[in-house]
Amino acid sequence: AAIVVAFGALTCAAVVAVSGMEPGLILSELVPETDITSAYLRAEGDFFSFFPVTVATMDVDYADERVQLRILRLHAETASLEEVVRPPPPFWLATLLSFSPGAGFPLGDQGVLPREAFYPAFRAWLREDPTGVAEAQGNFGFGPGGRAAGELAYAEWTLYAHGVQEPAACIAFVGEMAETCEGAVADGVGAYALGLPFYRCERYVKLRMWCLRGVAVALGVVFGVTVLFVGTLREAAIMVATLAANLVQLAGILAYAGMKVNGALVMAIVASIGCASEYAGHFTMAFLQARGSGPQRIRFAYERSFHPLLDSAVSTVLGIAMIAFAAFPFVVKYFFVPMVVLTILNFANAVLLLPVLLRLMGAPRPA
């Protein structure tokens, strides 16, 4: 009972730590600390806080009045985000609408250009107001016929973000911007955003969801294969429960160590299920092969599997020991440390927690 309570407390503490685990990656850890690139990345994080962000619309009929209104709304929504520098640069469509009445192109009832006036007014603006075009910082792509006669294929405008140096702030900003663009897409206006914050942080916006999916699939596969080869649901469920606890404990310890959720850590967490299943599988199989009372079966499983499991754990640690001396902090932090912690937890759960659970809940076997 004490072992179950101890491992249960460790798992609960790990859950608390994981819930507060931040996603992201410290770029300066990707290169040796003595390298000039590391110094540059640290300085960039400390002193550079001004990043251009491009918002683009595409695959829409720009002459449609409803599309123009939705693009104006999209610009207002993106420009109102907390991280966007105010005032934003002039917006190309708003500048075009301001130019059009003076050039002989009256606006419609909704304050935008009617369909038949949009492209004549747009081409007149490009031709007659180069200063306004440059100030608006618009970037345009045209279909067949090019700039002179083609329709707009895409249009881009620039905003500037600040205060997104830290991974958490960057990920929050990228998520808000992506959600805003998805709202426009749902309304029939293709839109997306790009820029340095997106290149660095977009992958983390839904990383937790994909990590949970990967974990669920891996545990499901282990359960199915165990049932297929062992033939008993009870032992398979006990084994998978041990693997899940092992995974949560690993993530929690790494969270307490200050690690962030990123691709390398997710890979280690998902891979830990496969590594842990070896340890748990050997002990479970030995238990199922044994006959007699519960204690006799546990004793037999220990005799059959304890030394092989110990040899496996020691050889694994020795095999990766050289990684501890890598020049790259990222390699040490996200490969060596997780593998050592994983190996220790695999062994501890397999020879301490799993035997107790099998003894308490395992299926009886006649002598």
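Predicted model: local features only at pLDDT ≥ 70, side-chain atom pairs only at ≥ 80, totals over all residues.

**Strands, helices and core**

Strand 4 pairs with strand 1, residues 50-58, in the antiparallel sense, over six bridges. Within that pairing, Ala56 stands opposite Tyr192, and Thr57 stands opposite Ala191. Strand 1 has a further antiparallel partner in strand 3, residues 152-162, with nine bridges between them. On that side, Thr57 stands opposite Ala155.

Which residues does Cys181 touch, leaving out those up to four places away in sequence? They are Leu74, Ala191, Tyr192 and Ala193. Cys181 itself belongs to helix 8, residues 167-186. Cys181 counts as buried because its relative accessibility is 4%, and the cut-off for buried is under 20%.

I turn now to the nonpolar cores. The largest one has 95 residues, and those with the most contacts inside it are Trp92, Phe118, Trp125 and Phe173. Helix 12 supplies the largest share of this core, 11 residues. Apart from it lies another core, of six residues, including Tyr279, Leu309, Ala313 and Phe347. As a general remark, nonpolar side chains in soluble globular proteins tend to be buried together.

Setting aside neighbours within four places in sequence, Phe173 is in contact with Val53, Leu81, Glu83, Val84, Ala161, Val164, Pro197 and Phe198.

Helix 12, residues 263-289, has 27 residues and reaches 39 Å between its first and last C-alpha, close to the 39 Å expected. Its N-terminal end is capped by Asn262, where a side-chain oxygen lies 3.1 Å from the backbone nitrogen of Ala264. Helix 12 also has a kink of about 30 degrees, centred on Ser272.

Helix 13, residues 294-320, likewise has 27 residues, and reaches 37 Å from first C-alpha to last, close to the 39 Å expected. Where does helix 13 bend? The bend, of about 40 degrees, is at Ser305, and Pro308 follows within four residues. Ser305 is also one of the buried residues of helix 13, together with Arg297, Ile298, Ala301, Leu309, Ala313 and Ile320. What covers these buried residues includes helix 12 and helix 14, residues 329-361.

Finally, some backbone geometry. Most residues other than glycine have a negative phi, and most peptide bonds are trans. Against that background, the peptide bond from Arg86 to Pro87 is cis, with omega near -5 degrees. Pro87 is found in the loop between helix 3 and helix 4.

Asp59 has a positive phi of about 60 degrees although it is not a glycine. Asp59 lies in the loop between strand 1 and helix 3. Is Asp59 buried or exposed? Asp59 is exposed, because its relative accessible area is 66% and the cut-off for exposed is over 50%.

Gln137, in the loop between helix 6 and strand 2, also has a positive phi, near 55 degrees. At 32% relative accessibility, Gln137 counts as partly exposed. Thank you for your attention.

Terms used:
Residues numbered from 1 in each chain as written. Heavy atoms only, no water. Helix = DSSP H or I, 4+ residues; strand = E, 2+ residues; numbered from the N terminus. Expected span 1.5 Å × (residues − 1). Bend = angle between axes of the 7 residues up to and from the residue. Polar contact = N/O pair within 3.5 Å; in protein donor to acceptor, adjacent residues only side chain to side chain. Core = buried A, V, L, I, M, F, W, Y, C linked by side-chain atoms within 4.5 Å. Buried < 20%, exposed > 50% of the residue type's maximum accessible area, 1.4 Å probe, protein only. Contact = heavy atoms within 4.5 Å. Pairing = 2+ DSSP bridges.
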